[in-house]
Amino acid sequence: MLHLTAPAATTRPQPRTRDADGMAVASFILGLLGLLVLNLFLGPIAIVLSLVSLWRGTARKGRAYLGLALGVADLGVLAIAMAASNTISWSL
């Protein structure tokens, strides 16, 4: 009797997981950059990217959570700076 075996599974990550890992790293970088400039735009983008990467099952959960925290911090810094300067935007 002839038995055919399936080829050995490769260790390469699935495209969906690899994309999620990239989104986790991107959310971290954008959240960090958002603390300095364009926090009104970069903060929400970092939040969305981190949530999507967590939903897709990223292997880099720590980076995704850091991106989420930094995105929220971006918006918090903007709110505090706007309240302190009594304007709609802020500058250094």
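## Basis

This is a predicted model, in which local features need pLDDT of at least 70 and side-chain atom pairs count only at pLDDT 80 or more, while totals for chains, interfaces and linings use all residues. Residues are numbered from 1 along each chain as its sequence is written, and side-chain values use heavy atoms, leaving out hydrogens and water.

## Chain

The chain has three helices and zero strands, in the order α-α-α from the N terminus. Helices (H or I, at least four residues) and strands (E, at least two) are DSSP runs, numbered from the N terminus.

Of the 92 residues, 25% are buried (under 20% relative accessible area; exposed is over 50%, partly exposed in between; 1.4 Å probe, protein chains only). The accessible surface is about 6500 Å² (Shrake-Rupley method, 1.4 Å probe), and carbon and sulfur atoms supply 71% of that surface. Among contacts (heavy atoms within 4.5 Å) with a separation of 6 or more, 66% join residues 24 or more positions apart.

## Val37

Val37 sits in the loop between helix 1 (15-34) and helix 2 (39-55). Val37 counts as partly exposed because its relative accessibility is 42%. Its C-alpha atom is 9.2 Å from that of Asp74, which is 37 residues away along the chain.

## Asp21

Asp21 belongs to helix 1. Leaving aside residues up to four places away in sequence, Asp21 touches Thr58, Ala59 and Arg60.

Asp21 is buried but has no salt bridge (a side-chain nitrogen of Lys or Arg within 4 Å of a carboxyl oxygen of Asp or Glu). The nearest side chain of opposite charge is Arg60, 4.5 Å away; Lys and Arg count as positive and Asp and Glu as negative, with His and the chain ends not counted.
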